[in-house]
Amino acid sequence: MFARRAVTSALVASVSCIRVEAFSTIGGIGIRRPSTFRIANNAAASVAAASATTTRVRGRVVGARHFASASSDSSESNNNNNNKLQVISTISVTQNNGSLLRIRHRSESTNTDMTFSLFLPSSHRTILKSKNQSTPALYWLSGLTCDDTNFSMKANAFASADGEGIALVIPDTSPRGEENVADDEGYDLGKGAGFYVDASEEPWSDNYNMYSYITKELPSILEENYSVGVDAKSIFGHSMGGHGALTMAFKDPKAWASVSAFSPICNPTKCGWGTKAFQNYLGSVEAGNDSDATILLDSNGPFAEYDNILIDQGLDDDFLGEGQLRPEALEAAADRVGQTVTVRRHAGYDHSYYFISSFMDDHIEFHAKRLKKAQGLRRASISAGVVGSVPQSDTAGKPITCQAMVARAPKEPLTCETITVDPPAAGEVRVKVIANALCHTDIYTLDGYDPEGLFPCILGHEAGCIVESIGEGVTSVQPGDHVIPCYTPQCAQPSCIFCQSPKTNLCPQIRGTQGQGVMPDGTKRFKDKDGNDIYHFMGCSTMSEYTVLAEISCAKISKEAPLEKACLFGCGVSTGLGAVWNTCKVETDATVAVFGLGAVGLAVIQGAAMAGASKIIAVDVNPSKFDMARKLGATDFVDPTKLDKPVQQHIAGDITTWGVDFSFDCTGNVDVMRAALECAHRGWGTSCVIGVAASGHEISTRPFQLVTGRVWKGTAFGGFKSRTDVPKLVDRMLSGELPVDHYITHTFAGVDKTNEAIDALHGGSCLRAVVQY
């Protein structure tokens with residue numbers, strides 16, 4: 001995740017108040033600053049019933065809306081098994097309006113009504129509008145005596161889950177509510193203590209089937225009704241729930257992308273809680289061997305599906321001393337079979353939700369990385385299946401008919417047309433476009449400002465694609481490979497002085513024909529329904545379901561990467577990052593000014609923050625963009641329209657003494673380019689032009705600005721050598737080091753929705769609109 005300051009909070013309901021204990025986490029490295037305060041809240045009991053009208057996130061009140069009650073008018077939906085889902089309540093629980101739903105339904109597994117909570121991140125609304133998309137799910141299993149509300153009120157997981165785009169599934173710990181459901185006087189058996197097994201003994205077997213409920217019935221409900229967990233799901237839990245999470249993951253490792261636990265019961269056949277549960281639910285302690293994480297790991301491990309298993313344990317946990325938890329037994333088993341398990345022991349922490357909330361962000365981040373990887377792999381296999389549905393033997397060497405958005409003339413809407421895409425010639429690659437992101441360069445050409453703009457043409461150059469077929473002599477990619485089309489090619493030939501030089505990425509191999517709207521052999525691959533040729537654009541033309549590229553324009557990337565995110569590296573994000581890292585080589589503690597806070601400008605800010613810049617000044621006439629800039633690392637904010645002097649004088653004089661070490665123009669406005677140069681530091685300041693100016697415009701400044709040591713330079717594609725560097729950027733995204741989700745503000749399904757995406761881009765609040773085909 002990008003650098004951030006997050007405050008986590010643990011909410012504990014009492015008779016007359018909610019007590020909030022807040023901790024500061026700086027940069028995700030675990031520096032915690034406790035501060036405790038109390039707020040009057042007579043609705044604590046209502047919160048527990050999931051009908052509160054106010055909730056508290058990160059130590060501040062958020063307006064939480066109560067949409068439904070448990071009355072007869074609660075909303076209902078149906079799954080394929082005709083089990084009605086009754087939405088008891090819905091409240092907003094994050095700043096971005098991530099929603100917490102409480103849902104009741106009749107369970108086939110337990111033969112009772114069951115209630116669970118479901119947190120849907122703010123990104124889920126966009127996912128629902130997308131084609132073949134699903135929100136990854138993280139299941140939480142609670143401990144003894146708990147129901148779904150304990151985690152919701154106390155764990156402080158929603159802000160982190162919202163930031164990662166993860167749904168949280170919070171089931172109950174047992175069947176309950178109905179008179180005929182068996183129970184016990186002890187807290188550790190019966191209602192609230194289902195132990196996540198399928199009971200085989202009377203009187204428990206009729207209802208206590210929590211293993212089947214969690215692993216089969218609940219996922220089916222969520223996938224069918226909410227598009228949650230279809231691509232990937234993970235699991236974690238606390239105490240008895242930690243036991244459940246570990247055993248479910250170990251019994252079916254292919255079903256779960258990752259597993260972690262807080263204070264889990266690691267070896268239940270050797271502790272009081274476990275032996276009591278197994279004797280009653282299963283008939284004997286020995287029957288519980290198949291539900292003992294330590295025994296499962298010893299007998300079936302190591303599990304190649306899990307690169308690591310994260311466990312947190314408080315050292316002041318009374319149950320640890322009583323021998324109920326036994327993490328050392330699990331560690332010993334892991335050592336015997338060679339399974340990586342990380343057990344973090346924390347002095348001063350007990351068994352409570354104070355402990356859980358303190359390290360919840362770490363667990364969310366742990367699962368997010370693995371969920372995204374699993375989701376990427378599944379989508380890759382689905383995408384490969386899409387290509388496979390038209391086998392290469394049937395399409396290779398033959399024209400393909402598909403839909404495309406054709407730009408017939410400047411300043412006119414694109415038209416959705418059926419076109420023919422010819423087979424690739426020698427040295428060419430035909431690809432199926434999976435996702436295309438709109439860039440302002442597309443609009444610049446459509447609006448008639450591009451001197452090389454030719455019509456009719458197919459625009460688009462920021463896409464994620466799958467290779468459908470290859471032309472003669474192509475060796476670097478094969479059908480089924482995932483590629484990013486790159487408008488800046490890389491021939492990598494020994495004879496190319498540009499490719500061989502570390503000073504530039506401007507390979508001229510196909511520049512001449514690319515500017516003429518044709519393929520390297522001087523011909524076109526697109527025809528409309530009347531057989532007329534259609535021009536190519538920037539060597540890419542990705543506003544079409546299929547397109548043809550030069551091999552040297554194809555950057556082959558990992559199939560794990562979701563193409564709807566990886567496509568961003570085809571232009572804007574790479575350009576902004578590369579301007580910082582390659583063109584200007586911004587150093588640690590440098591001062592930076594960024595003019596224009598679109599996707600490119602924000603990428604400059606993100607890159608500068610990652611490079612260690614100490615001051616990053618964000619400049620834009622739209623102050624609504626400052627919030628995202630702040631999240632990415634900007635430290636100062638300037639709206640030039642509010643100044644009584646030129647912005648360069650404000651930066652070099654008021655904010656700084658002599659100017660900034662590096663400035664970046666991301667607007668394409670020649671007046672702004674001058675301002676960016678003139679706020680650069682006297683003696684050594686460097687100013688980089690990234691934005692493309694309209695045809696015929698020229699830049700100017702007084703020569704004295706350059707005589708006194710300032711350097712004016714420009715960048716194309718951020719200096720990245722496309723086929724070498726783009727795959728590395730994608731790998732950094734997959735590792736979590738380089739997040740890009742925040743750039744995607746709008747998504748659309750179907751190439752025919754491209755005009756709607758253009759309207760969104762013109763709306764002022766859009767960074768990147770991604771159209772999935």
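Two residues are said to be in contact when heavy atoms of theirs lie within 4.5 Å. With that in mind, residues 24 or more positions apart account for 69% of the contacts in the protein with a separation of 6 or more. The structure is a predicted model, and its 773 residues, of which 58% count as buried, include 24 helices and 32 strands.

**Nonpolar cores**

- In soluble globular proteins, nonpolar side chains tend to be buried together.
- The largest nonpolar core in this model holds 105 residues, and the members that touch the most other members are Ile419, Phe569, Val586, Ile605, Phe664 and Val726.
- Helix α18, which spans residues 599-611, supplies the largest share of this core, namely 8 residues.
- Leaving aside residues up to four places away in sequence, Val586 touches Val580, Val592, Ala611, Phe662 and Phe664.
- There is also a second, separate core of 65 residues, and among its members are Leu144, Ala167, Val228 and Tyr281.

**An open sheet of four strands**

- An open sheet is built from 4 strands in the order β16-β17-β21-β22, and the pairing between them is antiparallel.
- Strands β16 (400-406) and β22 (533-534) stand at the edges and have a single partner strand each, so one side of each is left without a neighbour in the sheet.
- Within the sheet, β17 (residues 415-421) pairs with β21 (residues 526-527) in the antiparallel sense over 2 bridges, and Val421 has Phe526 of β21 as its bridge partner.

- Is strand β19 (residues 463-470) largely enclosed or left open by the rest of the structure? Buried means under 20% relative accessible area, and 7 of the 8 residues of β19 are buried, so this strand is largely enclosed by the rest of the structure.
- Strand β18 (residues 428-437) runs antiparallel to β19 and is joined to it by 7 bridges, with Val429 having Ile470 of β19 as its bridge partner.
- Strand β20 (residues 482-485) also pairs with β19 in the antiparallel sense, here over 2 bridges, and Cys465 stands opposite Val483 in β20.

- Rolling a probe the size of a water molecule over the atoms shows where empty space is left.
- The count of cavities of 30 Å³ or more comes to 1, and the largest cavity has a volume of about 60 Å³.
- Which residues line the largest cavity? Its lining consists of Ile510, Thr513, Gln514, Val518, Met519, Pro520, Gly539, Ala550 and Ser553, which by class gives 5 nonpolar, 4 polar and no charged residues.
- The second largest pocket contains about 470 Å³ of space, and of the 20 residues that line this pocket, Ala257, Arg370, Lys373, Ala374 and Leu377 are the closest to its centre.
- Helix α11 (353-388), strand β12 (228-238) and helix α23 (722-735) each supply at least two residues of the lining of the second largest pocket, and α11 gives the most, with 6 residues.
- By class, the lining of the second largest pocket comprises 9 nonpolar, 2 polar and 9 charged residues.

**Backbone details in loops**

- The peptide bond that leads from Gly301 to Pro302 is cis, with omega near 0°, and Pro302 has its place in the loop between α8 (293-300) and β14 (309-314).
- Phe455 and Pro456 are likewise joined by a cis peptide bond, with omega at about -5°, and Pro456 is found in the loop between α13 (440-446) and β19.
- Ser227 is not a glycine, yet it has a positive phi of about 50°; this residue is found in the loop between α5 (210-226) and β12, and at 18% relative accessibility Ser227 counts as buried.
- Ser541, also not a glycine, has a positive phi of about 50°; its place is in the loop between β22 and β23 (546-550), where Ser541 is buried with a relative accessible area of 0%.

Note on methods
Residues numbered from 1 in each chain as written. Predicted model: local features only at pLDDT ≥ 70, side-chain atom pairs only at ≥ 80, totals over all residues. Heavy atoms only, no water. 1 Å grid on protein atoms, 1.4 Å probe; cavity = no way out; pocket = protein on both sides within 12 Å on 5 of 7 lines; lining within 4 Å. Points joined across faces, edges and corners; volume = space filled by probe spheres on them. Nonpolar A, V, L, I, M, F, W, Y, C, P; charged D, E, K, R; others polar. Pairing = 2+ DSSP bridges. Core = buried A, V, L, I, M, F, W, Y, C linked by side-chain atoms within 4.5 Å. Buried < 20%, exposed > 50% of the residue type's maximum accessible area, 1.4 Å probe, protein only.
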